[in-house]
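Please study the sequence and the structure shown below. The paragraphs that follow begin with charged side chains and then turn to the protein as a whole.

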Amino acid sequence: MAGSISMEAAGLTLPFLILTFLTIAAASSTNQIQILNAERRIDLSSHIVKVFLTLKVENAGITPASEIFLAFPPAQADHLALVKAQAAIGKKKKKSYVHLDANPTELPDAPNGTKSFSISLLNPLSSGETATLEVLYILTHSLEPFPAEISQSESQLVYFRDSALILSPYHVKQQTTFLKTPSTKVESFTRVEPTKLAGRELKYGPYEDHPPYSFSPVIVHLENNSPFAVVEELLREVEISHWGNLQITEHYKLVHAGARHKGVFSRVEYQSRPSFSGTSSFKHLLASLPPRVHSVYYRDDIGNISSSHLRSDYRKSELEIEPRYPLFGGWKATFVIGYGLPLEDFLFESPDGKRYLNFSFGCPLAETVVDKLTIKVVLPEGSKDPSAVVPFPVKQRLETKYSYLDVVGRTVLVLENKNVVPEHITPFQVICTSLEHQCVTALVSQF
């Protein structure tokens, strides 16, 4: 009986010891790093908040450190769209930057609700060494309209909430935060001395010697009349034709996510006083399309919309579209954009002889947030086992589509992502590994 009890105790103790060891290891890795200087610049000029963070870190411990941790408060965790990191190498004119991987992680000593990221260094940071990291992270839906409703002639005011101190798992020796505002109209802001407002810049700091996870909440009430263009749902269908064409069809559900419009809408006032009436509304959007685009159309449930302008050359194409009516806060519009592209511009061959499709991820509309993005790549009939290479995590699944004279149907690779911003616009590749039909090989034989 005693032996049985001791064995059970040993079985319970081993996982506990492993967990304790991992906790101590993570805690020691955060304790040996300190931030000598931190500079944060927050750009509030649009509804997409961009934060540029520069960190000079030092390994004050005795063991090499291979990663640096970032922390985000609970209020920002659900609005975090993207985190990018790079290391600065060299000085002044000879300075260059190297991309660093940033991945979500968990820190045992982090406050509840804190979201953490791990930045992997190219080379471990030895004892006494320093390194300079530059981080870009983007927040969506982080500007709260206040008042929540405005009339046609009123400007849009918003709240922005953050901390005067940078939330960090490390001791920060010195730090400064700068907020860039869209205009000089700042209604109010929380003071955490030293604080200074000059023109379109609000400065917090410098602050010195703050322990890990220090936090000092601030609220800034400011004017922001930029278009709060949010695509609630975007479906992009990329269909590969057997005849050398790439047909793109994009279904948009667009909303103005700013302060809701109250009262009546006067088109006469809107057109006669454009600088004072509806300053936070928007009546046109710009879509960046690939070069050599053709057969472009723009329509909604009623029919074709003629209020669009296409500018195209060998380098790029731009489509300026106008909804049937200007969009005020809370107003919505649904429409479809379609166009064709020559397949030869997007079909490539890898060194091992496999063909792959190279296309762009994200939303073509400038300065928009996409709450839910779905990209469907419709492959030629007979293609099997497709997969996509995307530089960030996305959901992937397969489905089948039947069109025209298809017999077995076309394989469709579906990519899904949420909280998509313009910085997500980046190439991705679609490859098929089937022995019978490598991706797009079937259609190449048609030429």
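**Salt bridges and the overall fold**

In this predicted model, a search of the whole structure finds 23 salt bridges. One of them joins the side chains of Lys50 and Glu423, with a distance of 3.2 Å from N to O. Lys50 belongs to strand E2 (residues 49-59), whereas Glu423 sits in the loop between strand E30 (410-420) and strand E31 (427-432), so this pair ties together parts that are 373 residues apart in sequence.

A salt bridge also forms between Lys332 and Glu232, whose closest N and O atoms are 3.6 Å apart. Because Lys332 lies in strand E24 (residues 332-342) and Glu232 in strand E17 (residues 229-240), the pair ties together parts that are 100 residues apart in sequence. Lys332 is partly exposed, at 48% relative accessibility, and Glu232 is partly exposed as well, at 32%.

The side chains of Lys376 and Glu399 meet in a further salt bridge, at 3.0 Å from N to O. Here strand E27 (residues 369-378) supplies Lys376 and strand E29 (residues 395-401) supplies Glu399, so the parts tied together are 23 residues apart in sequence. Lys376 has a relative accessible area of 19% and counts as buried, because the limit for a buried residue is under 20%. Glu399, at 25%, is partly exposed. Elsewhere, salt bridges link Glu237, Glu239, Lys401 and Arg410 in a network.

The protein as a whole contains four helices and 31 strands. Of its 447 residues, 47% are buried. Among contacts with a separation of 6 or more, 74% are between residues 24 or more positions apart. The accessible surface comes to about 22,600 Å², and carbon and sulfur atoms account for 55% of this area.

Technical notes
Residues are numbered from 1 along each chain as its sequence is written. This is a predicted model: local features need pLDDT of at least 70, side-chain atom pairs count only at pLDDT 80 or more; totals for chains, interfaces and linings use all residues. Side-chain values use heavy atoms; hydrogens and water are left out. Helices (H or I, at least four residues) and strands (E, at least two) are DSSP runs, numbered from the N terminus. Buried means under 20% relative accessible area, exposed over 50%, partly exposed in between (1.4 Å probe, protein chains only). Contact means heavy atoms within 4.5 Å. Accessible areas come from the Shrake-Rupley method with a 1.4 Å probe; for residues, only the protein chains shown count as cover. A salt bridge is a side-chain nitrogen of Lys or Arg within 4 Å of a carboxyl oxygen of Asp or Glu.
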